[in-house]
Amino acid sequence: MPPPARVFFVLPGGISLLFRESAASVATRILEGSLALHLTENFRHLHGRNAAQAEIRSWERSLPALVNALMEAGLGEVEVVVEYSLPLTSKRADAVLAGVHPTTGQPSYVVVELKQWSEAHPDEDDPLLCRLDAYPQPVLNPIEQVRGYCEYLLSFNAALERMPGSLAGVAFLHNATESRIAGLRSVEEDQYGRMYTADQRGAFLDFLRSRLAAKSGAEAADLLRDARIRPSKQLMAVAAAEIRDREQFVLLAEQRVAYELVMSAVRKAKRGNHKKVIVVTGGPGSGKSVIAMSLLGELYRRGETALHATGSASFTKTMRKVAGHKKREVQKLFMYFNSFMDAEPNDLDVLICDEAHRLRKTSANRYTKAELRTGRPQVSELIDAARVPVFLLDQHQVVRPGEMGTKEEIRRAAAAEGLDCTVIELDGQFRCGGSDAYEKWVVDLLGLEGGTPRPWEPDGKLELRTAESPQELEDFLVAKRAEGYGARMSAGYCWKWTTKVTPEMTALPTDVVIGDWARPWNVYGDRSVFGAPPAPLWATEPEGFGQVGCVYTAQGFEYDWSGVIIGPDLVWRTDRWVVDRSASKDPIFTKATPDSEIDRLIRNTYKVLLTRGMVGTIMYSTDPETREKLRSLVHPASGVEAPALV
């Protein structure tokens, strides 16, 4: 009989795994027919939802193929770690094998990607992507997929970073014959990425024996479990090197697919008169801006004509400052959506439209010249400007009246011009400590997709707290900053904003007043005032702490700890949320803005604010009944200690 199942593990730094036992114990569970049941129950407890049928089928069919191979290779004592989550993301490796290297005697690990595929072919002329009949869109070549997992682990797991030779990666296509996937072999194989099929079983067993000895892997698995996790590389901190020098980020799964589809479309556009529209959708922290930076960096280095555009002054000005530091040609890569009203058609190879949920009906404003006021849709201007227009968006981040960036709108505009439009859905989570459970919890909390608030079940990836006063919230963040974390306070737009600095002022006016606690909004405008950074740099300059940010300065950015003040514009009453439009001081809302639109935009505003934190979020509401509701959902003792910085 195998030992009782170890239900699930939450590891330091927000690492989780579904199940861990020796190969021999797992083999016994398979014979008993209990493995899939254990994994299904563990998954529900860990992720707060039922596993998809595709995941269950994989456990039932693929894990036995792997475990049987281990047993046949004489490696029954090797530890099998099932569904190992990659640090600070929601992505999971199918299995990690932990053991002892047969030659060095040191810990040895094999990341395994299991595929039930029986046949797959390269996507036209790009072997990094492949086509399967079961999928409408191309997927990443499994060799490249597992290599990406290994490279990511080496970047974020301190134990593996110190001994990169201990790690190997392999894709096992246990249902495929070599003749049916031979085209995928054009991708180079190495230590971190290789592939075996069903008719290469002997070679697969030899590979396993070359990396793992017939000894207990428990100690190696413990070492992997206890390794410290390095904080995520934040977008702005590496943007300059990403654009000018080399790729800084490891793109995983759908991120890499999106990247490769764009690069493939660029190649086709250069070979002939071909144009393609690409839409990448995903929630906050799914990696949209990382894809944008990776694309822009590679295109820039190749000498392609490419620009980055947003509807966000804060994001664009920050990128010009950080990525374009002392290099004016790099600064010119960052534009606005309304910069293309009179652009020559297809003058660019690629136009990367980041934060595309901020698209507006037209580009015209009060400063637009009369001859440019054509009423032409902004999305059409952007599509026409490049051979490969790329739109990255999250429809739940629409926070202003008139913003209309959706995949449906872009599809319609592409169809009107007779253009192909490919949509890629990113389901990973790289913000909020990689906690897809937290992102879903926020969506349910605010009722954005028909859900209702539910208690927060800690998943070990993100710490969630509530505060009883704004001073408690600020003191908590001050303590986190003393530990070396970044932190910011933000709030709903519920207090009037003094936008002009007069000569008699000696400090920023403290507009955000809650009882005897008062703090200034972030600086209004593009100049530093009294040592506080300009609005576009509030989220990234250390001096931004101490001012309260709004959604327009927080959107698109991330920081370790996020303190969110929910104002009187959104309050809980008995059994539902009530939006009070009179409590909003946002001048963009007018009498003509319908109640239903204001309701949606205010909820979206708090969705943005609540999903900025990488390590944790602390919430405070100015309303007593709302505070009580939040307290009932997030017990103060429910959090876990934040991971130690390395």
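Analyst: A salt bridge here is a side-chain nitrogen of Lys or Arg within 4 Å of a carboxyl oxygen of Asp or Glu. The model is predicted: local features need pLDDT of at least 70 and side-chain atom pairs count only at pLDDT 80 or more, whereas totals for chains, interfaces and linings use all residues. Residues are numbered from 1 along each chain as its sequence is written, and side-chain values use heavy atoms, with hydrogens and water left out.

User: What makes Arg302 and Glu298 a salt bridge?

Analyst: Their side chains meet at 2.7 Å, N to O. That falls inside the cut-off, so the pair qualifies. Both sit in helix α11, four residues apart, about one turn of the helix. (Helices are DSSP runs of H or I with at least four residues, strands are runs of E with at least two, and both are numbered from the N terminus.)

User: Why does Glu298 count as buried, and what does Arg302 count as?

Analyst: Buried means under 20% relative accessible area, exposed over 50%, and partly exposed in between (1.4 Å probe, protein chains only). Glu298 comes out at 17%, so it's buried. Arg302 has 46%, so it's partly exposed.

User: Which side chain meets Glu304 in a salt bridge?

Analyst: That's Lys270, at 3.3 Å, N to O. The pair links distant parts of the chain, 34 residues apart: Glu304 is in the loop between α11 and β13, and Lys270 is in helix α10. Glu304, at 18% relative accessibility, counts as buried, while Lys270, at 53%, counts as exposed.

User: How many salt bridges does the rule give?

Analyst: The count is 38. Arg256 and Glu260 form one of them, at 2.8 Å, N to O. Those two are four residues apart in helix α10, so about one helical turn separates them. Both Arg256 and Glu260 are buried. There's also a network of salt bridges linking Arg20, Glu79, Asp222, Arg225 and Asp226.

User: How do you know that the span of helix α10 agrees with what it should be?

Analyst: The expected span is 1.5 Å times one less than the number of residues. For the 19 residues of α10 (253-271) that gives 27 Å, and the end C-alpha atoms are 27 Å apart, so they agree.

User: Why is α10 called largely enclosed?

Analyst: Because 14 of its 19 residues are buried.

User: What makes β12 mostly covered?

Analyst: Seven of its seven residues (276-282) are buried. On one side these are Lys276, Ile278, Val280 and Gly282, and on the other Val277, Val279 and Thr281. Seven bridges join β12 to β17, running parallel, and four join it to β16, also parallel. Gly282 stands opposite Leu426 in β17, and Ile278 opposite Val390 in β16.

How values were computed
Two strands pair if DSSP finds at least two bridges between them.
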